[in-house]
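Visitor: I have a model open and some questions about it. Shall we go through it piece by piece?

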Amino acid sequence: MRMALDLAREAANADEAPVGAIVVVDDRVAGRGRNSPIAMSDPTAHAEILALREASAALANYRLPGATMYATLEPCVMCAGALVAARIGRLVFGARDLRFGGVRSKFRIADSDVLNHRVEIVEDVLGAQCAELLKSFFTQRR
């Protein structure tokens, strides 16, 4: 999670919402991402999507069974769906996203009984640090 926090800080320094994510497979980082929708002019360039893309390319497989994603913020609906599509084994996230959360706060997509894959969810890992980074970022912009 500390690596994901470092990526979130990079995003903040680039004036993007401070969210970072990594994908770990067999105890090694296979993918990294930080929010980049502004820089990439791409509404799908969320940290989680970019980390999944990099991990999938590194492993030459669009499915990542057994992989763990660490994300500083609860994934949105789009990202939660991508976790299911990629067959991620486990998601570890820091802070809940009370406005847009697709895993716990608003929806429960990643471990829904109606989908063909369920992701194991672990939340509130370094949650206070993740939440504080987001809070200070948005406070400075208001």
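Visitor: Is D6 buried, partly exposed or exposed?
Guide: This is a predicted model, where local features need pLDDT of at least 70, side-chain atom pairs count only at pLDDT 80 or more, and totals for chains, interfaces and linings use all residues. Residues are numbered from 1 along each chain as its sequence is written, and side-chain values use heavy atoms, with hydrogens and water left out. Buried means under 20% relative accessible area, exposed over 50%, partly exposed in between (1.4 Å probe, protein chains only). D6 has 44% relative accessibility, so D6 counts as partly exposed.

Visitor: Which side chain does D6 meet in a salt bridge?
Guide: A salt bridge is a side-chain nitrogen of Lys or Arg within 4 Å of a carboxyl oxygen of Asp or Glu. For D6, the N to O distance is 3.0 Å. The partner is R9.

Visitor: How many residues apart in sequence are E10 and R34?
Guide: Their side chains meet in a salt bridge at 3.7 Å, N to O. E10 lies in helix 1 and R34 in strand 2, so the pair ties together parts of the chain. The separation is 24 residues.

Visitor: Which residue forms a salt bridge with D42?
Guide: The closest N and O atoms are 3.9 Å apart. D42 sits in the loop between helix 2 (37–40) and helix 3 (residues 47–59), and its partner is in helix 3, 11 residues apart. That partner is R53.

Visitor: How many residues of strand 1 are buried?
Guide: Strand 1 covers residues 20–25 and is largely enclosed by the rest of the structure. G20, I22 and V24 point one way, while A21, V23 and V25 point the other way. In a regular strand the side chains alternate between the two faces of the sheet.

Visitor: How many bridges join strand 1 to strand 3?
Guide: Two strands pair if DSSP finds at least two bridges between them. Strand 1 pairs with strand 2 (residues 28–34) in the antiparallel sense over 6 bridges. Strand 3 (residues 68–73) also runs antiparallel to strand 1, with A71 opposite A21. The number joining strand 1 to strand 3 is 4.

Visitor: What is the relative accessible area of D27?
Guide: D27 lies in the loop between strand 1 and strand 2. Its phi is near 65 degrees, a positive value in a residue other than glycine. Most residues other than glycine have a negative phi. D27 is exposed, and its relative accessible area is 80%.

Visitor: Which element gives the largest share of the lining of the largest pocket?
Guide: A pocket is an open set of points on a 1 Å grid over the protein atoms alone, where a 1.4 Å probe fits, with protein on both sides within 12 Å along at least five of seven lines; lining residues have an atom within 4 Å of a point. The largest has a volume of about 600 Å³, the space filled by probe spheres set on the points, which are joined across faces, edges and corners. Of its 21 lining residues, the closest to the centre are L73, D97, F100, L134 and F138. The largest share, 4 residues, comes from helix 5.

Note on methods:
Helices (H or I, at least four residues) and strands (E, at least two) are DSSP runs, numbered from the N terminus.
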